[in-house]
Every structure is written in structure tokens, then in C-alpha cells.
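Student: I have a model open and want to learn how to read its contacts. Can you take me through them?

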Amino acid sequence: MKRRKIDFGLMVITDIGLAGGNLMSLLKKACESGVRCIQIREKILSDAELLLLCKQIKNIALKSHAYVLINDRLDIALLSNSDGIHSSSNGIKAKDIKKQSSKMITGKSVHSISQAKEAERDGFDYILFGPVFRTPSKVRYGNPQGLEKLSRICNSVKIPVFAVGGITPLRAEKCLEAGASGVAAIRPFMTSGNIKKIIKDFESSLGSL
Amino acid sequence: MKKLGRLCVITDTSIQKKYTHFQIALMAIKGGVDILQFRDKHMGTAEMIDTAIQIRRLCNKKGVTFLVNDRVDIALVSGADGVHLGKDDIPISEARRLLGSRKIIGGTAHSVNEAVLCEKNGADYIGFGHIYPTFSKLKPEKPKGVNYLRRVVQAVNVPVIAIGGIGVSNIEEVMKSGVHGVAVIGSVVKSKDPANTVRDIREKIYAF
């Protein structure tokens, strides 16, 4: 299975529960600031609502050629012309995605080295590891796993690793030092009063978006 | 599109824990079911795909139509014969873009208007209910009854499948409405001998 090259370093993850009515304007500003990848991860919407939202976001992202990844749902990704799928820990397999659409970017959430290796074997293009730091979004995954564990994950696979969980611009730099290719976050973007500044800060700590 | 059978069993593991989806499928097929609909609102996507593929293989072998509830992605990946979509799911016209004209797409309706709309949007059949009181799902509305069912049947040109509280005792009354067929859950999985219950319902449907 051919892997897609990952050419972004920052993933903005959506949460309409946090952003509310500001979601579209936040994402528009994020794209204008140079964000290259948005993951739509909404758990409270109906499928009909989710499909509408994904189409709207894809439309916004189109202008700056930013990627839109859909959490877990191949049908919604195909119908919204999105660029890929981020599979949750019990989500769809890479081969099932690529069989339907070989061009899709595929990513996988992992919480351990064995899961990371499995995701690489399964053919995913990148993995998302976390929570690296303490975060309210991920309390259900237990205690933060730390930079040392992140570093071990990065050493265990060849595919790009993204760090998630409590990520700030300052911590993003530490994640890169630990071997991560990039970072992902929800709160800094969804609850931000000044998303353009936050993204600028991430850009300077990551080197590029 | 495959010719639509008259008896559908919906696999459900939320109203009972005694049987798995696959076990329900086995019993329903033993009893002579025409359509199996896989329904799970909580399972992770990977597990849903695995389960759907298992049941689809079984259905293929036995010539039974296999549908997936709600999830077009699961239907697509598992190679199901189609999907059944509710009002808040992916719209029928969008599902058609992914599945093509040869797959079956059913739509849920709770009124004559919704049934007509489903047909207009390209549904191959209408699931209408609930006909009788049922505990398989939390129902905010009152049962529709067989007289209203008859009006729905007359309002659309596609087959109507009645659902909700249907079992051996009332199947004949339901069939009198002119309905194409029925979907059952509780009356089967809660009976002492599910395969036999499916067989009894089936005999009454086809004797009608």
C-alpha cells in the first residue's frame, strides 16, 4: 500500500461544542493564517448535520488548499470531497479507506508503542499520539504520557508522529525535539480570542505549519 | 436492485444481551428471513465493519438480503446490499451517490408526508412505524396503527415495510393493510425460540 507524504506540521481539530457559533469564522481565520490541516471531529452532531458541516468546512479550506480530514467516517469524507480520514483507536482500517479511495490521507490515534507499530503495519500515513500533556479533552484516556514516551513512540515507527494533548506553542517545540513531526490541538484554536496570533506562535515554534 | 423480500429481522443488541448480532442473524436465517438489517448505534467503526462482513458472508451464502442501518460507510466497506436511513442520517440522495443505483436504500417515515418525501428522494422502500406499542426504541410518538399504515401504503408506489411491535399475533392484521412486508426485532429476540418465531411469522406473511 502506497503511503501519502505528510506535508503539514500543525493539525487543528474541531469541536463545535467548544467553538459554538464561532466555528466557521475561527476556521476561516485559521486557513487565512496558513493552517494546512483541519481534522473535523464532532461527536454530538447527527450524520446529516455532520455532512453539511464538513461540506462547509471543505469549502473554506479549499481557498487556501488546506487539507480536511474527517474523524472515522469514510462516507462523510467521500461525500464532502475531503482529503482524508483520521481513524480513532477503534476506528476504520487504512486498507478499508484506501480500497475506496487510494488518494486519501489516513491517520490513526494511538496510545501505546504496540498500537503505533500496528498502525504503521496497517498502512496508515501518520499517527497521532497522546495525551502527551494534561488536557481536559482527553481525561478519559488517563494520565498524560509525557515527552519521554512520545520520544519512544517516535523511535518505534518510521511514519510521522503527531503529538496531541495539552499542546501549546511552547510545548510544540519540545514535541519536535522528542522526535514528533508535528502537533495537533483542539482548545488553543476552538477557545481562542485571537486565533491568528496563536497560529503565528505555533508557526514560529514549529518552523512551518 | 434485488427483489425486496417481505420479512426483515433487525439485529439489535441494545434491547437484549442474550444474543450477538451474528447469533441473531443465524437464527433469523434458520427461520427463513428474507432481509437482515444490522443495527448498532454504539459499536466502534472497526468492529462494525468486521461484524457486517461476517453477517454479509452468511447472507450471501443463504441468498438473504443484507442491509446496514444508518451507516453508509459500513455498507460500502462490507459489501452490503444496501442501507436503511433515518431522517437524521446521511440523506438518501447523497447515499445514492456513493452506493449507485443497484444497491437498496430504504428510508424511515413516520407520516404520509415523510413517506412521499422518501420516495421522491429515491428510496427503494419505506420503513414505516411504529405500528403498535414497542420498547425496542424510545418512541416519543403514539403508535400509528394499521389504518394509518394503509394510507401510507396507498400514498407511495414503492414497497412499504411496517415496523414496531409486530409479531405472530398481529401479523395478519398488518398484512391486511396491503403492506409489502414487515420488520421485526423484539418479538423475535425475546421469544423462547427465535428461529421458530421467524418461521411462524414468515408462514403467515406468505400465506396471506
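Tutor: Start with helix α2 (residues 23-32) of chain A. Lys28(A) and Glu32(A) are four residues apart in this helix, so about one helical turn separates them. Helices here are DSSP runs of H or I with at least four residues, strands are runs of E with at least two, and both are numbered from the N terminus. The model is predicted, so local features need pLDDT of at least 70 and side-chain atom pairs pLDDT 80 or more, while totals for chains, interfaces and linings use all residues. Residues are numbered from 1 along each chain as written, chains are lettered from A and ligands numbered from 1 in written order, and side-chain values use heavy atoms, without hydrogens or water.

Student: What do the side chains of Lys28(A) and Glu32(A) form?

Tutor: A salt bridge, with N to O at 3.9 Å. The rule asks for a side-chain nitrogen of Lys or Arg within 4 Å of a carboxyl oxygen of Asp or Glu. Over all chains, the count is 19 salt bridges.

Student: How many salt bridges are there between chain A and chain B?

Tutor: Three. Between these chains, Arg73(A) pairs with Asp73(B), and their closest N and O atoms are 3.3 Å apart.

Student: How do I read the rest of that interface?

Tutor: Take contacts, then area. Contact means heavy atoms within 4.5 Å. By that test, 18 residues of chain A touch 18 residues of chain B. Buried area is the accessible area (1.4 Å probe) that two parts lose on being put together, summed over both. Here it is about 1500 Å², with 60% from carbon and sulfur atoms. On the chain A side, Asp47(A), Asp75(A) and Leu79(A) lose the most area, together 31% of what that side buries.

Student: How do α5(B) and α6(B) lie, roughly parallel or roughly antiparallel?

Tutor: Compare axes, which are lines fitted to C-alpha atoms over the stretch in contact, with angles from 0 to 180 degrees between N-to-C directions. Under 35 degrees is roughly parallel, over 145 roughly antiparallel, 65 to 115 roughly perpendicular, and the rest oblique. The axes of α5 (residues 112-120) and α6 (residues 145-155) of chain B come within 9 Å and cross at roughly 25°. The two are therefore roughly parallel. Val112(B), Ala115(B), Val116(B) and Glu119(B) of α5(B) meet Tyr148(B), Arg151(B), Val152(B) and Ala155(B) of α6(B).

Student: And α1(B) with α2(B)?

Tutor: In chain B, the axes of α1 (residues 21-30) and α2 (residues 45-62) come within 10 Å and cross at roughly 10°. That makes this pair roughly parallel.
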